Amino acid sequence: MSRRVEIVTPGEEICVIEEFLPVDGAYDDGKGKVRSIYVGAPEYDIGNHVVKVRKITNRPRLPLANDIVFALVTDVKDTVSTCKIFEIENYGRLSVPFTGILHITQVSTMYVKSLYDVVRNGDIIRAWVLNNNTPYLLSIKGREYGVIRALCSQCLTPLLLKGFTLYCPRCKKEEKRKVSFKYYIRMR
Ligand SMILES: [Zn+2]
C-alpha cells in the first residue's frame with residue numbers, strides 16, 4: 001500500500017486504483033493512479049475502497065451580514081457592549097478576532113433597561129451580524145441568540161442554566177443574562 005498522504009495539491013497522486021477508487025474531489029488518471037482535483041485532505045473509506053478529497057480553504061472568510069457568529073464579551077456599558085468575534089458558525093474559527101458591537105436596541109423586541117442585565121465581561125454570545133464591515137454590528141434578538149456560556153461574576157465558576165435563570169452552584173446565587181436556548185450547561 002502506498003503512503004497515506006494528508007494534504008494533496010491538484011494533480012497529485014493519492015493512491016493507485018487497486019487501493020481506493022476516486023469519488024468526490026479525486027479522479028482516475030487513466031494510468032492506474034488516483035489524483036486530486038483540489039488542494040485538500042484525502043479521506044479514505046476503507047470499507048468501500050473509495051477515497052475523496054475534502055477541499056481546504058486556507059483563507060477563512062470575513063464575517064458578512066446574516067452570519068451567525070460566536071463572540072467573547074470584552075466590555076459592557078449601559079447601552080453598548082464590545083465583543084471579539086472569534087468564530088463564524090459553519091465556517092470555523094477566524095485567524096484574527098474582529099470587533100463586534102452590541103447595542104441595547106439589538107437585544108430584544110421588548111424594552112431593555114440596561115445591558116448589564118443582558119451580558120457581562122467574559123460571556124460568550126451567539127449572535128448574528130447586521131453589516132458587512134468592521135466594526136460588525138451584532139444582534140441577539142430571538143431565542144437562539146444570546147449568552148451561551150457565562151461565568152459567575154464573583155467566583156468565575158461556569159453558571160448553570162436552571163429553568164430560565166443562570167445559577168452559580170458555588171455561590172448559590174442567580175445572575176441575570178439574556179440566555180440563548182443553546183446555552184451549553186443546564187441543571188437537571
Ligand atoms: Zn459563584
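Mentor: Start at leucine 156. With 11 C-beta neighbours inside 10 Å, leucine 156 counts as exposed. The scale is simple: 20 or more other C-beta atoms within 10 Å of a residue's own make it buried, 12 or fewer make it exposed, and anything in between is partly exposed, with C-beta atoms placed from the backbone. This is a predicted model, so local features need pLDDT of at least 70 and side-chain atom pairs count only at pLDDT 80 or more, while totals for chains, interfaces and linings use all residues. Residues are numbered from 1 along each chain as its sequence is written.

Leucine 156 sits in the loop between strand 12 and strand 13. Strands here are DSSP runs of E, at least two residues long, and helices are runs of H or I, at least four long; both are numbered from the N terminus. Look at the backbone too. The phi of leucine 156 is near 65°, which is positive in a residue other than glycine.

An open sheet of three strands is found here, in the order 13-14-15, with antiparallel pairing. Strand 13 (160–162) and strand 15 (173–175) are its edges; each has a single partner strand, so one side of each has no neighbour in the sheet. Neighbouring strands in this sheet are turned by 45° against each other on average, direction ignored. For such angles, axes are lines fitted to C-alpha atoms (for helices, over the stretch in contact), and angles run from 0 to 180 degrees between N-to-C directions. Two strands pair if DSSP finds at least two bridges between them. Strand 13 and strand 14 (residues 165–168) pair antiparallel over three bridges. Take leucine 160: its bridge partner in strand 14 is tyrosine 167.

Strand 12 (residues 146–149) runs antiparallel to strand 10, with three bridges joining them. Isoleucine 124 stands opposite arginine 149 in strand 12.

Strand 7 (residues 68–76) is joined to strand 10 by five bridges, antiparallel. There, phenylalanine 70 has arginine 126 as its bridge partner in strand 10. Strand 11 (residues 136–139) pairs with strand 10 over two bridges, also in the antiparallel sense. Valine 129 faces leucine 138 in strand 11 as its opposite residue. A hairpin of six linking residues connects strand 10 to strand 11. Proline 135 lies in that loop. The peptide bond from threonine 134 to proline 135 is cis, with omega near -10°.

Compare another loop. Histidine 49 lies between strand 5 (40–45) and strand 6 (50–55). Its phi is near 55°, again positive in a residue other than glycine. Histidine 49 counts as exposed, with 12 C-beta neighbours inside 10 Å.

Finally, step back. The chain has zero helices and 15 strands. Its radius of gyration, 23 Å, is well over the 16 Å that the globule rule gives for 188 residues, so the chain is more spread out than a compact globule. That radius is taken over C-alpha atoms, and the rule is 2.2 Å times the number of residues to the power 0.38. Along its principal axes, the C-alpha trace spans about 70 × 40 × 25 Å.
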